[in-house]
Amino acid sequence: MGGTQSFPIVPIPKDRTFVVTGANRGIGYEVAKWIAMMGGTVVMACRNEDDTMKAMRQMEKEYKEEKERGTIHGLVDVPELSLVYMHLDLGSFHSTKQFVEDYKTSGRPLHVLICNAGIVKPRPEKTDDGFESMLQVNYLSHFLLIGMLLPMMKGNAVTDDTRIVLVSSDAHRMCRFNLAAINYDDDPMKFSGFDYYGRSKLYQIMQMYSLQRRLKNSHVTITSAHPGTVETEIGRDFKDVKLYQFFLTMTRFFGAMRDPLDGARTIIDLAVNPVYQGVGGHYYKDCSVASVTSTASDVQKQEALWNVTLELLKGHLSEEEIFCLEGADP
C-alpha cells in the first residue's frame with residue numbers, strides 16, 4: 001500500500017452504489033478501487049472504454065495482492081470487485097446528459113457521487129459547447145451532472161446516507177474571481193492556465209456551500225476536498241511549460257509530491273467513513289476540515305456564481321431539476 005490509510009476500511013453492501021468520474025487513472029483509480037475492495041458497487045464514469053476495462057483488470061489484480069498481504073483480511077470478504085463502466089465525456093453536455101439517461105435506465109440506485117475528473121490546460125481550448133475547457137470539464141458539467149442526478153439521490157430513503165464529494169484543490173487560493181470573464185474569450189497569449197484552473201476549483205468549493213444551504217432540509221450532503229499535489233497525468237499538457245516543470249521539480253525535492261493513493265485518502269474517507277453521515281458544507285484536507293479563502297466563503301459571491309452558472313446551463317436543466325437544486329423535493 002505504501003503507507004497506512006487514513007480512512008477506515010468498512011464493509012460496504014454491494015447494493016450501495018458509487019459513481020466516480022475519471023475513475024480509470026490517478027486519484028479516481030484509487031478511490032474506485034478501494035471503495036470496490038470494501039464491497040461497494042462502483043460505476044466508473046470515464047471517456048475511454050478500453051482504458052477503463054484495463055484499469056478494472058488491474059484493480060482485480062491489486063485486490064488479490066492486498067488480500068494476500070492481509071491488508072483488508074477479516075474486515076472485507078469480496079469474491080470479486082463490483083465495477084461497472086459507463087461512458088462519460090465531461091467536455092460535452094450531450095455526453096453528460098446521455099450518461100444520466102443511461103444511468104436512470106440501468107435501474108441502479110445512487111448513494112454517493114464523487115466528482116473527481118479534472119483537466120489542466122496551459123492554453124485556452126473551447127469545447128463544442130463553446131466554453132473554456134477547464135470551466136466545462138471541471139465545473140459546469142459536474143454541476144449539470146449533480147443537477148440531473150439530484151432528484152434520484154433525494155429519492156433515496158432518509159437512512160440511505162446519500163453524499164456528494166467534489167474533488168477541488170488548494171489552487172483556489174491562487175486565482176482571481178471575475179464572473180465577467182468566467183468563460184475566457186480574450187487573447188490566447190494572455191491566458192493563464194494556472195489561474196483558470198484555480199478558478200474552476202474555486203467554483204466547486206463555492207458550489208458546495210451554495211448547494212449545502214439548499215440541501216439543509218434533506219438527507220443529501222455535499223463536501224469538497226483538496227487531494228494535495230499528486231503525481232498523476234493531469235498536468236501532461238504542461239510538459240513543455242518550464243515554470244510548471246520547475247514547480248514539479250521543487251515539489252519532489254522537498255518531498256511534498258504525493259502518489260495517487262495519498263491524494264485519494266481524504267476523498268475515500270469522505271465517501272465511506274460513517275462519521276460523515278449527515279455532515280456537509282465543509283472543505284477537507286488531510287482528512288480534516290480546512291480553511292478556504294475569503295472569496296470562497298463569501299455568500300454573496302457564492303450566490304452570484306450560482307445564478308451565472310444556471311444561466312450558462314440554460315436549456316440543459318429542466319425546471320424540475322432546477323427546483324430540486326433550489327431545495328424542493330423531487
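These legends accompany close-up views of a predicted model.

Residues are numbered from 1 along each chain as its sequence is written, and side-chain values use heavy atoms, leaving out hydrogens and water. Local features need pLDDT of at least 70 and side-chain atom pairs count only at pLDDT 80 or more, while totals for chains, interfaces and linings use all residues.

**Figure 1. The protein chain has nine helices and eight strands.** Helices (H or I, at least four residues) and strands (E, at least two) are DSSP runs, numbered from the N terminus. Of the 330 residues in the chain, 55% are buried. Buried means under 20% relative accessible area, exposed over 50%, and partly exposed in between (1.4 Å probe, protein chains only). Among contacts (heavy atoms within 4.5 Å) with a separation of 6 or more, 79% join residues 24 or more positions apart.

**Figure 2. Helix 3 spans residues 93-106.** Its 14 residues reach 20 Å from first C-alpha to last, close to the 20 Å expected at 1.5 Å a residue. The expected span is 1.5 Å times one less than the number of residues. Phe-93, Ser-95, Thr-96, Phe-99, Val-100 and Tyr-103 are buried in this helix. The buried residues pack against strand 1 (17-21), strand 2 (41-46), strand 3 (82-87) and helix 4 (133-154).

**Figure 3. Both ends of helix 3 are shown, with Ser-92 as the N-terminal cap.** A side-chain oxygen of Ser-92 lies 3.3 Å from the backbone nitrogen of His-94. Such a polar contact is a pair of N or O atoms within 3.5 Å; within protein, one must be able to donate a hydrogen and the other to accept it, and residues adjacent in sequence count only if both atoms are side-chain atoms. Just after the helix, Gly-107 takes a positive phi of about 80°.

**Figure 4. Arg-163 sits in strand 5 (residues 162-167).** Arg-163 has a relative accessible area of 3%, so this residue counts as buried. A polar atom of the Arg-163 side chain lies 2.9 Å from the backbone oxygen of Asn-273.

**Figure 5. Arg-47 lies in the loop between strand 2 and helix 2 (49-69).** The residue is exposed because its relative accessible area is 56%. Arg-47 and Leu-88 are 41 residues apart along the chain, yet their C-alpha atoms are separated by 5.1 Å.

Figure 6. Most residues other than glycine have a negative phi. Asp-286 has a positive phi near 55°, and Cys-287 one of about 60°. Asp-286 is partly exposed at 44% relative accessibility. Cys-287 is buried at 17%.

**Figure 7. The second largest pocket holds about 150 Å³ of space.** Of its 14 lining residues, Arg-176, Ala-181, Tyr-184, Tyr-196 and Arg-199 are the closest to the centre. The lining divides into five nonpolar, three polar and six charged residues. Ala, Val, Leu, Ile, Met, Phe, Trp, Tyr, Cys and Pro count as nonpolar, Asp, Glu, Lys and Arg as charged, and the others, Gly among them, as polar. On a 1 Å grid over the protein atoms alone, a pocket is an open set of points with protein on both sides within 12 Å along at least five of seven lines; lining residues have an atom within 4 Å of a point. Points are joined across faces, edges and corners, and the volume is the space filled by probe spheres set on them.

Definitions and conventions. On a 1 Å grid over the protein atoms alone, a cavity is a set of points where a 1.4 Å probe fits but cannot get out, and a pocket is an open set with protein on both sides within 12 Å along at least five of seven lines; lining residues have an atom within 4 Å of a point.
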